[in-house]
Amino acid sequence: MWSFIREVEPRGFLAARENGELLGYAIYVPSLKRVQRAAIMRGAIVRWALAALRGGFGIRLRAIPNILLNKLLFVRSGSRYRSRGDAQLLNLAVDPAAQGRGVATALVSAGLLVMRDLGLAEVRLEVRPWNRGALRLYEKTGWREVGRTRDLEGEWVVMVANP
Ligand SMILES: CC(C)(COP(=O)(O)OP(=O)(O)OC[C@H]1O[C@@H](n2cnc3c(N)ncnc32)[C@H](O)[C@@H]1OP(=O)(O)O)[C@@H](O)C(=O)NCCC(=O)NCCS
């Protein structure tokens, strides 16, 4: 799925490396709708669904309805609490061995600069309320909470930043 998104929207894919080793990555997409449209038009959604049904991605069959419902809720709530555009910070992770050294701060800030260079005025993200470390990181890098949404696993804090 990430390689598909990278094909459609390569500009927000950021990797932090040290001596050739990957320390972390951030995936920003300038337009969520463009990715969703491409996934439908190019048949990627059907391919992912079939791969999941065949046991790909390590997903158990009985978990699939919940995953699909969560994705649907994500798509439905994707435009809430936005005032401009549909840019999104989709994913962020730092290798546990490299955490606490400012890698995520650098990735999030660099991504916001890329979004600004693209002329985007607002970026959105969702984070679980229990993810205290991530919440503090986002607050420190200029994001603010604008609302909450839910899926089957619970609540999401919706945050936006103006690059
Ligand atoms: C959240 C995550 C990306 C932070 O990466 P990191 O490189 O360690 O973050 P940084 O070193 O840049 O820390 C920046 C700030 O975030 C906050 N923070 C990060 N990790 C924290 C933790 N475990 N507990 C409390 N605060 C934390 C701190 O305020 C920190 O600033 P400070 O050190 O000046 O106080 C990393 O812990 C991770 O990959 N977690 C798992 C994946 C995840 O939760 N991704 C976010 C999904 S929305």
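Start at helix 6, which supplies the largest share of the shell around the ligand, 6 residues. This is a predicted model.

**Select the ligand shell.** Pick the residues around the ligand: there are 18.

**Colour by element.** Which elements give two or more residues to this shell? Highlight strand 3 (87–94), helix 5 (103–117) and helix 6 (132–140).

**Colour by residue class.** How many residues of the shell are nonpolar, polar and charged? Expect 8 nonpolar residues, 6 polar ones and 4 charged ones.

**Switch to cartoon for the whole chain.** Count 6 helices and 6 strands in the protein. Now trace them along the sequence: the pattern reads α-β-β-α-α-α-β-α-β-α-β-β. The radius of gyration of the protein is 16 Å, close to the 15 Å that the globule rule gives for 163 residues, so the protein is as compact as a globular protein of that length.

**Show the C-alpha trace.** The trace spans about 40 × 40 × 30 Å along them.

**Colour by burial.** What share of the 163 residues is buried? Buried residues make up 23% of the protein.

Notes:
Residues are numbered from 1 along each chain as its sequence is written. This is a predicted model: local features need pLDDT of at least 70, side-chain atom pairs count only at pLDDT 80 or more; totals for chains, interfaces and linings use all residues. A residue is near a molecule or strand if its C-beta atom, placed from the backbone, lies within 6 Å of it. Helices (H or I, at least four residues) and strands (E, at least two) are DSSP runs, numbered from the N terminus. Ala, Val, Leu, Ile, Met, Phe, Trp, Tyr, Cys and Pro count as nonpolar, Asp, Glu, Lys and Arg as charged, and the others, Gly among them, as polar. The radius of gyration is taken over C-alpha atoms; the globule rule is 2.2 Å times the number of residues to the power 0.38. A residue is buried if 20 or more other C-beta atoms lie within 10 Å of its own, exposed if 12 or fewer, and partly exposed in between; C-beta atoms are placed from the backbone.
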